[in-house]
Amino acid sequence: MSHRIVFLDRETLDACLRRPSFPHDYVEHAVTAPGEIVARLKGADIAIINKVPMREETLAQLPDLKLIAVAATGTDVVDKAAAKARGITVVNVRNYAFNTVPEHVIGLIFALRRAIVPYANSVRRGDWGRARHFCYFDYPIRDVAGSTLGIVGYGALGKSIGQRAEALGMRVLAYDVMPQAGLVDLDTILRESDVITLHAPLTPETRNMIGRDELARMKRDAILINTARGGLVDEAALAEALTAGTIGGAGFDVLTSEPPRDDNPLLALDLPNLIITPHVAWASRQAMQILADQLVDNIEAFVAGRPQNVVE
């Protein structure tokens with residue numbers, strides 16, 4: 001039996017994608033608009049997606065579809081209940097970002113605690129050349145060693161970040177909804193952390209889990225880092241807190257809407273203590289190749305009757 005495989009948004013994965021070992025026809029599209037999904041998946045039993053939405057009304061028009069292989073960990077673009085009702089298996093890629101995301105988080109911690117970006121920008125503006133002394137102190141610099149890191153979401157990534165932070169001399173606090181030894185509650189994280197990093201999934205329960213009340217309970221010089229999902233934070237509340245100086249800074253790799261809309265309140269800010277990167281924490285070359293290899297492994301396992309990394 002030959003399988004028909006269609007990759008709807010190949011442009012989102014900058015890695016070599018090996019062909020599966022079973023008989024198949026393979027088609028890929030750089031990008032796919034929502035209105036093009038049904039036509040492109042006609043007759044396909046395997047769909048590969050990253051950010052293309054697979055909603056109930058779309059799935060209802062794809063009777064041949066048997067597998068949705070998500071080229072990412074997050075699967076919020078898929079209506080999983082509708083897929084399950086139609087006998088469509090959904091699989092994702094896991095534990096591929098064990099170096100790249102923690103390194104991005106640590107990079108943001110150093111950049112913000114030590115004010116690296118605003119100082120570099122000030123030199124580019126010529127401020128150093130106009131200085132009266134050999135250096136100047138326009139932006140506060142704080143050590144990383146000796147500070148407290150609060151990790152919200154203590155899974156594989158959270159633990160990896162915690163290990164790196166302890167090696168740097170940071171005190172680590174962790175919170176998770178799943179009981180584990182040594183965890184603290186979220187209020188302790190908010191009150192005691194100099195840096196808070198988010199690694200929770202986006203669910204109805206976690207949406208806007210960091211809002212005005214939570215930001216108000218943070219230290220005035222604390223930094224909030226989010227490399228997980230933009231919807232975890234009330235962006236309007238964060239913009240207000242940064243503008244008012246309620247917290248010390250923020251480093252975000254994700255926003256609620258991606259690509260972001262022009263009216264995103266964080267993008268309207270021009271502040272030295274705000275860093276926003278375009279959802280690239282996961283995207284080291286090494287991590288993307290691990291992702292691509294596991295993606296094909298998932299497809300081959302499904303066709304062999306031994307599905308792995310199934311998302312319920």
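1. The domain bounds come from an automatic or database domain assignment. Keep in mind that this is a predicted model, where local features need pLDDT of at least 70, side-chain atom pairs count only at pLDDT 80 or more, and totals for chains, interfaces and linings use all residues. Residues are numbered from 1 along each chain as its sequence is written, and side-chain values use heavy atoms, with hydrogens and water left out.

2. That largest pocket holds about 1,200 Å³. Thr 73, Leu 157, His 199, Ala 200 and Pro 201 are the closest to its centre out of 48 lining residues. On terms: a pocket is an open set of points on a 1 Å grid over the protein atoms alone, where a 1.4 Å probe fits, with protein on both sides within 12 Å along at least five of seven lines; lining residues have an atom within 4 Å of a point. Points are joined across faces, edges and corners, and the volume is the space filled by probe spheres set on them.

3. Helices (H or I, at least four residues) and strands (E, at least two) are DSSP runs, numbered from the N terminus.

4. The second largest pocket, about 870 Å³, also draws at least three lining residues from each of domain 1 (3-96 + 286-304) and domain 2 (99-276). It has 30 lining residues, with Lys 51, Leu 255, Ser 257, Glu 258 and His 279 nearest its centre. They divide into 13 nonpolar, ten polar and seven charged.

5. Now to H10 (residues 285-303): its 19 residues reach 28 Å from first C-alpha to last, close to the 27 Å expected at 1.5 Å a residue, taken as 1.5 Å times one less than the number of residues. Its buried residues (under 20% relative accessible area, 1.4 Å probe, protein chains only) include Leu 291, Leu 295 and Ile 299. The buried residues pack against strands E3 (46-49), E4 (67-70) and E5 (89-91) and helix H4 (100-113), with contact meaning heavy atoms within 4.5 Å. Just after H10, Gly 305 takes a positive phi of about 85 degrees.

Technical notes:
Nonpolar A, V, L, I, M, F, W, Y, C, P; charged D, E, K, R; others polar. Buried < 20%, exposed > 50% of the residue type's maximum accessible area, 1.4 Å probe, protein only.
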